[in-house]
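Here's a quick tour of one protein chain, written to be read with the structure open beside it.

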Amino acid sequence: MRFEIASIYRISKNHGSIKIFNFFWERKFFRFIINLPRRTLFRVIGSRRLKARADALEILRIANELKKSGIAYSNIEKLSEMPTISELQEEYEELLAKEYKKPHSRKSKPFIERLIDDDYDFSANEGSAIFRFVSNTSLKKVAENYLSLVPKLTSFKVWRSHFTGDPKRSASQNWHRDYNEFQMVRIFLYFNDVNVRNGAGQYVTGTHYLGDSYNKLEYSEELGTYATDEEIASNFSADRIVNANGSAGTLVFMDTAGLHRGGFHSVEGERRVSLLTYSTAADIMPTRVNLKSRFWK
Ligand SMILES: O=C(O)CCC(=O)C(=O)O
Ligand SMILES: [Fe+2]
């Protein structure tokens, strides 16, 4: 049911038909009611839980930067109880070897190998570096303080995006917005050094819901309509476009309801990355990650 509404919503958003769903979803009040329990919970226990943490200042710094720009950077070394990058890289190698033996579908993205596509078996891998990364509560606290509610984990993917020789951008390599909710947090973790020539994401600051340009260029990936470089250049000054470069261990927090693109490789190379998404109760995508999480943690 939720899924059907999601598709109708997206179609209405892009084609301007079936306005009634558009109407409801666009109302702040509608989302306010759906998100109210998680918001109340955050009000009641949120700040008390943060105070006791060694990395409280870093969590608030990231959340505040996200509120300001829609994108923020950190590193796993700056957050508490994280696995080390070498532990994570070791597990990445194992996943990659498995992927080559039994590949996931590439779906519409031939430039991405999907090592994990919301299908990680957490119960069989309890205590693994990946398990500890995904269940890390500092990441959840960043999302919680950015969204001002107790968030839900909606997806976890591990990718290898790479050079294909195709000079043309396709799918999410083009400028778009993710229409899951008006606000969400996608956390990119780099397993290798990444720059804009080997797949780094790009973001237009201020195009998130709390920014000044949320209403500009409402393009969505699902329907294959994308903003062009010319449209971006005519709507935003060049200093608004940031490249999510970073060395292995870098965390990029991005509200992907804002304008972004990524995974384009202009030269030979690869990007080893995982994507962890936190969102609100009003998120129209169903949760696919099979990790038992406790809302009070
Ligand atoms: O490959 C990328 O960095 C783009 C991914 C993307 O568009 C997304 O995760 O929403
Ligand atoms: Fe996206």
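What follows goes from the overall fold to one strand and then to one residue.

## The chain overall

Keep in mind that this is a predicted model. The protein chain has 8 helices and 9 strands. Of its 297 residues, 38% count as buried.

If you take the contacts between residues at least 6 apart, 85% of them join residues at least 24 apart.

Have a look at strand β9, residues 270-279: 8 of its 10 residues are buried, so the strand is largely enclosed by the rest of the structure.

Strand β3 (residues 152-162) pairs with β9 in the antiparallel sense, over 10 bridges, and here S155 sits opposite T277 of β9. Strand β4 (residues 185-190) also runs antiparallel to β9, joined to it by 6 bridges. In that pairing, F188 stands opposite L275 of β9.

## A closer look at Y203

Now over to Y203, which belongs to strand β5 (residues 202-204). Is Y203 buried or exposed? With 25 other C-beta atoms within 10 Å, Y203 is buried, since the cut-off for that label is 20 or more.

Who does Y203 touch? Leaving out residues up to four places away in sequence, Y203 is in contact with G70, I71, V242, A244, M254, G258 and H260. As for W175, this residue is 28 residues from Y203 along the chain, and their C-alpha atoms are separated by 8.7 Å.

Notes. Residues numbered from 1 in each chain as written. Chains lettered and ligands numbered in written order. Predicted model: local features only at pLDDT ≥ 70, side-chain atom pairs only at ≥ 80, totals over all residues. Buried ≥ 20, exposed ≤ 12 C-beta atoms within 10 Å, placed from the backbone. Helix = DSSP H or I, 4+ residues; strand = E, 2+ residues; numbered from the N terminus. Pairing = 2+ DSSP bridges. Contact = placed C-beta atoms within 7 Å.
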